[in-house]
Every structure is written in C-alpha cells, then in structure tokens.
Amino acid sequence: MSKQSMQRISHDPGSDITTQKHVIRRTVAKILIPFIQLFGLYVIAHGELGPGGGFQGGVILGASVIVYILVFGLDEGRKRVTEKTSDLLVSSGALIYGGIGILCLLAGGNYLQYNVLLPDPKLASHLGILGVEIGIGITVAAVMITLFCETVRRDDDD
Amino acid sequence: MIDIAIPLFLVACGIAVILMKDLLSSIMVFTVYSLVMAIEWVRLNAVDVAITEAAVGAGITTVLFLVVLSRTRSEESSGSKSNWPALAVTMAVTGVLIYGTFDMPRLMDPANAPNVHLVPYFLDYTYKDTGVINVVTAILASYRGYDTLGEVVVVSTAGLCTVLLLRQAGKDRGKGAEPRA
C-alpha cells in the first residue's frame, strides 16, 4: 500500500465506491471480512479451550473493520462503526470486566472471585472468565478502530 | 537446524531495519520480522503469544506505521554523523544485559524454579479451580484477574486519550480556530 493509496482513504473516499475501480479489492474484502469477524469471535469465545482470548480476538475484530476502511474509505467505514458507537464500546468493555467483579462482590465473594456467581463453582468460574474475555475483546476491538480512524483522518491544513 | 535459522533470520531482519534508508521498506521488513517471530513462538509452544504477535505485530502495527508514514516523508533524514559516545554507551549496556542473562535459569531445564514450583501447581489445579482447560487463559483471567483488569483499563484509557487529543485538535482546526497547545 503506497502513500498515494493512504491519501485516497482520507481525501476522496467516495471515488472508490462510485466508480467501478478496484472491483477485485472490493469483492475480495466483501467475501473475506465476514470470515475474519467470525474468526475473531471464535478466538474470543474459545479462549478457555484453545489458544486465544479477548486480546487476540479483539485485535482480529478490529483488524476486520480496518480492512473495510482501507478498501471502502474512512467515511463509508464510519457509517458502519460511528464515532459514538466506538467511543461507547471503548469504555463499556472495561465496564463489563469491572461489573463482573462487582457482581462477584454482590454474590458474597471477593472481587473477581467468579466461582460464587452460580451454585456450580466450576460453571460459574467458566462463565465469569468468558464474560471477562468478552469485555476485553470489546474494548480492544474498539480501541484498535479508534486508533486507526483518528490517526488516518487528514485535517485541512495537513 | 530451524531453531538456529529463525533467530539468525530475526537478527538479520533487525539489522536490515536499521540500515535501510527507505522507511516503507523498513516497515515491510519489520512485518516480516513479526511473522517469523510468530513462527518462533509456535516453535516454543507459546501459541497464545504467537496469535498475539501475528495479529498485533504483523497486522495492526504495520497498518499504524503506514498511516504515520503517510503523514511524513518516506525517506530517512540523512546526514546523521556517527556518534561514538552513543555507540559506547549502547555497547556497554548490551554487555551488562548479556552478563545479566548468565544468571537466568536455563531454558527447558526441568529443575528450574518456575518448573518445580508454579507450573506443576497451575497444571494440577487450574481445571479444578476454574473449569477452564487453557491454563494461559485461566491465569490471565482468573488467577491474575486484577492484572488483566488493569491492562484493559490502560488500553481503554489509551483509546480515550486518542479521541480527546486527536479528534478535538482536528475539530478545532476545521473551525479555523487555533490548535490547542
């Protein structure tokens, strides 16, 4: 990816979509992105069984949106993931993590002591860890998207 | 054979990144470095780290570097003279660090303190304690839950700082106002 293509992302994002240029790039992206996102969700949800977890899956999810923005332009990407959405997700992931800790306190355990959440301690711990991983994934994915969008946006005097 | 080849290739990549004048090529070599590093992590049976290295090191970091490169010049500024005191300091620190590695426990030695103490405990009790098969995930999310909570807060703070600094600066400039200090 050259400097010119980077400038195109932020300067005239509409040109790629309106004209019939870059058909291959757009078609490949359209086919690939759902599978990338599915893999990201798989990595988050399978953190307890195999390699992976919230951080890795979150990065993969964020990368799928970044690929979308690289191909379709920043404005089109920001229609899919608006600034408000990503800002909310950045903090809500951390809140999910902290909230699960508070739930453990309310259930009579220590902070982040998952096994008091349900009668079956093993299942409770399993679900607690899954919830925590989901929180991590949301935050990491949103932060990746925010970092990319805020850095790539070109201001008028640049 | 491959255990020697991969580290040598990594060192070669590191030297190439420094010596290259074209920054785009440097970024590409850096990406290759991360990919080969991911392979090395798999060789060392650290698959979790390998996934992170491949996703963060080879993926996100490359894209962010390219974005930054698109806002600056793609040639390294020339005319940097050799700085001998800096070289001396670097060599001295490297020597001290290498000397420090002699005190580290030998890799793959079953009599290491971590291999005698912690690893057997985690391998024996993780499933009983947490009901999670992947020990790495169990340690990160359950045994070291506070650490990971801190990491998530750090990541989300970084994202919020980006929003506050860059987005607000862009809006100020768009309005024609003075950029904030």
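In this predicted model, 43 residues from chain B and 51 residues from chain A take part in the contact of the two chains. On the side of chain B that touches chain A, at least two residues each come from helix H3 (47-70), helix H7 (135-143) and helix H8 (145-175) of chain B. H8(B) gives the most to this side, with 17 residues. Sorted by class, the side of chain B that touches chain A holds 24 nonpolar, 15 polar and 4 charged residues.

Within chain A, helix H3 (residues 23-45) packs against helix H4 (residues 54-72) with the axes 8 Å apart and at an angle of about 165 degrees. Angles over 145 degrees count as roughly antiparallel, and H3(A) and H4(A) are therefore roughly antiparallel to each other. Their crossing is left-handed. Residues of H3(A) in this contact include A:Arg25, A:Arg26, A:Ala29, A:Ile33 and A:Phe39. From H4(A), the contributing residues include A:Gly57, A:Gly58, A:Ile60, A:Leu61 and A:Tyr68. By class, the residues of the contact of H3(A) with H4(A) comprise 13 nonpolar, 7 polar and 2 charged.

The confidence of the prediction was also examined for chain A. The mean pLDDT of chain A is 83, and 84% of its residues reach 70 or more. Among the elements of chain A, H3(A) has the highest mean pLDDT, 92, whereas helix H2 (residues 14-18) has the lowest, 47. Over residues 11-19 of chain A, pLDDT stays under 50. For residues 11-19 of chain A, the model has 13 contacts beyond four places in sequence.

Definitions and conventions: Residues numbered from 1 in each chain as written. Chains lettered and ligands numbered in written order. Predicted model: local features only at pLDDT ≥ 70, side-chain atom pairs only at ≥ 80, totals over all residues. Contact = placed C-beta atoms within 7 Å. Helix = DSSP H or I, 4+ residues; strand = E, 2+ residues; numbered from the N terminus. Nonpolar A, V, L, I, M, F, W, Y, C, P; charged D, E, K, R; others polar. Axes fitted to C-alpha atoms, helices over the stretch in contact; angles between N-to-C directions. Parallel < 35°, antiparallel > 145°, perpendicular 65-115°, else oblique. Left-handed = near helix turned anticlockwise from the far one by under 90°. pLDDT = per-residue confidence, 0-100.
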